Every structure is written in structure tokens, then in C-alpha cells.
Amino acid sequence: METVIYPGSFDPVTYGHIDIIKRAAAIFDDLTVCILTNKAKKSLFTVEERMSMLEEVVKDLGNVRITSHEGLLVDCAKDMNAQVIVRGLRAVTDFEYELQMAQTNRIISDANIDTMFLNTDLKYAYLSSSTVKEVASFGGDISKFVPDFVAELTYAKYK
Ligand code: PNS
């Protein structure tokens, strides 16, 4: 069966990601959330830790699976037999980076993979994993940004 890929670093997964996962899972028959490396970011959680947080988050969604890939997103898409990548767009500031990534992925996949964007719910337009880590690192309240179990795991990293 063809799947659609929702890629990201998910370090850690936030309510913004969860909103995109739920909405994409309602639109597409099969959704694969793929954890990849963003070379521009230093990760707090291991891939295994991110994977298990995501597994917990999607446990009630029957058409969503979690995977990880060490290389290029387009190779992960090819392995999963996916032709569509889904990304969330928060604000115009995301647009240039996202468009560049989408264009690059289309070119290096010989036009076999397209990217579709879901606008992030306004509630989460400000939210990023980096913000979550910044607030948590100073002991601030991240309960509005991530599920409780993710908050606990994040605080534990800064103990
Ligand atoms: O959640 P993020 O950090 O915005 O996700 C970015 C991610 C991980 C999807 C991106 O960095 C990525 O695709 N990394 C894998 C390597 C790759 O394919 N890079 C080329 C894209 S232009």
C-alpha cells in the first residue's frame, strides 16, 4: 500500500507535530512518521527515545506507523513506497526553508516525490521543539507544548 511520509527530527514531539499527524492521518489512508537527522540541529533525545515517544503518541491511530532513517528523506520515501511528503507550515518564516527543501527533494527524486503542506493550527503557530527545550532547560513550564510524559522525559534530560 502507498503511504505518505511525515518527516522531522521530533526532538521532542510537540502538540504542533501531533496536530499535523492527526490531520494527515484523517486525510490519507496510510501515514508513516519518519525520524530523520537535521544536520543543523544538535539532538537532545536519541532516535530510539524519539521513536518510543512517537509510538506512544500514535498508539490509538490505526493507520500511522513510526520509522527512522539515517540518510536522505527521499531515500526513506523510496523505501516506504511513498510519493508524497507532508510538512506543517507555521508562518511565512518557515516558507523559504520549506520550499527549498521541497524543491530539492523533488529534483533529487527525479520528480517522483512531491511535498504537500498543512498549515499549522494557529494555536501552535509559535511552537517548536527548540522552544520546548529552551524553556525546559531553565525549568520553565512546558505543559502547554507537549504531553505530560514528554515533558517529564524532557526535564529529566536537564537534571
Ligand atoms: O523537524 P525538522 O528538523 O524541521 O525536520 C527536518 C528534516 C529532518 C526533515 C530534514 O532535515 C531532512 O530531511 N533531513 C534528512 C536529510 C535530507 O534529506 N536532507 C535534504 C533535504 S533538502
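This report describes the fold, the surface and some single residues of one predicted protein model.

## Basis of the model

Residues are numbered from 1 along each chain as its sequence is written, and side-chain values use heavy atoms, with hydrogens and water left out. Because the model is predicted, local features need pLDDT of at least 70 and side-chain atom pairs count only at pLDDT 80 or more, while totals for chains, interfaces and linings use all residues.

## Overall fold

The protein chain contains 6 helices and 5 strands. Helices (H or I, at least four residues) and strands (E, at least two) are DSSP runs, numbered from the N terminus. Their order along the sequence is β-α-β-α-β-α-β-α-β-α-α.

The C-alpha trace spans about 45 × 35 × 30 Å along its principal axes. For 159 residues, a compact globule would have a radius of gyration near 15 Å, and the protein chain agrees with this at 15 Å. The radius of gyration is taken over C-alpha atoms, and the globule rule is 2.2 Å times the number of residues to the power 0.38.

## Burial, contacts and surface

Of the 159 residues in the protein chain, 47% are buried. Buried means under 20% relative accessible area, exposed over 50%, and partly exposed in between (1.4 Å probe, protein chains only). A contact means heavy atoms within 4.5 Å. Among contacts between residues at least 6 apart in sequence, 75% join residues at least 24 apart.

The protein chain exposes about 9000 Å², and carbon and sulfur atoms supply 53% of that area. Accessible areas come from the Shrake-Rupley method with a 1.4 Å probe; for residues, only the protein chains shown count as cover. There are 17 positive and 23 negative side chains, and the centres of the two sets lie 4 Å apart. Lys and Arg count as positive and Asp and Glu as negative, while His and the chain ends are not counted. The place of a charge is taken as NZ of Lys, CZ of Arg, CG of Asp or CD of Glu.

Strand β1 pairs with two strands, β2 and β4. Two strands pair if DSSP finds at least two bridges between them. Ala82 of β4 is the bridge partner of Thr3.

## Loop residues

Met80 sits in the loop between α3 (73–79) and β4. Met80 is buried, at 19% relative accessible area. Not counting residues up to four places away in sequence, Met80 touches Thr3, Ile5, Thr32, Arg65 and Thr67. The C-alpha atoms of Met80 and Thr46 are 22 Å apart, with the two residues 34 residues apart along the chain.

Asn81 is in the loop between α3 and β4. Its phi is near 60°, a positive value in a residue other than glycine, and Asn81 counts as partly exposed at 47% relative accessibility. Ala111, in the loop between α4 (92–108) and β5 (114–119), has a phi near 60°, which is positive in a residue other than glycine. Ala111 is partly exposed, with a relative accessible area of 41%. In the loop between β1 and α1 (15–27) lies Pro12. A cis peptide bond, with omega about 0°, joins Asp11 to Pro12.

## Two helix residues

Asn105 is part of helix α4 and is buried, with a relative accessible area of 9%. Leaving aside neighbours within four places in sequence, Asn105 is in contact with Leu73, Val74 and Ile85.

Ser130 is found in helix α5 (residues 129–137). Ser130 counts as partly exposed, at 42% relative accessibility. Ser130 and Leu44 are 86 residues apart along the chain, and their C-alpha atoms are separated by 9.9 Å.
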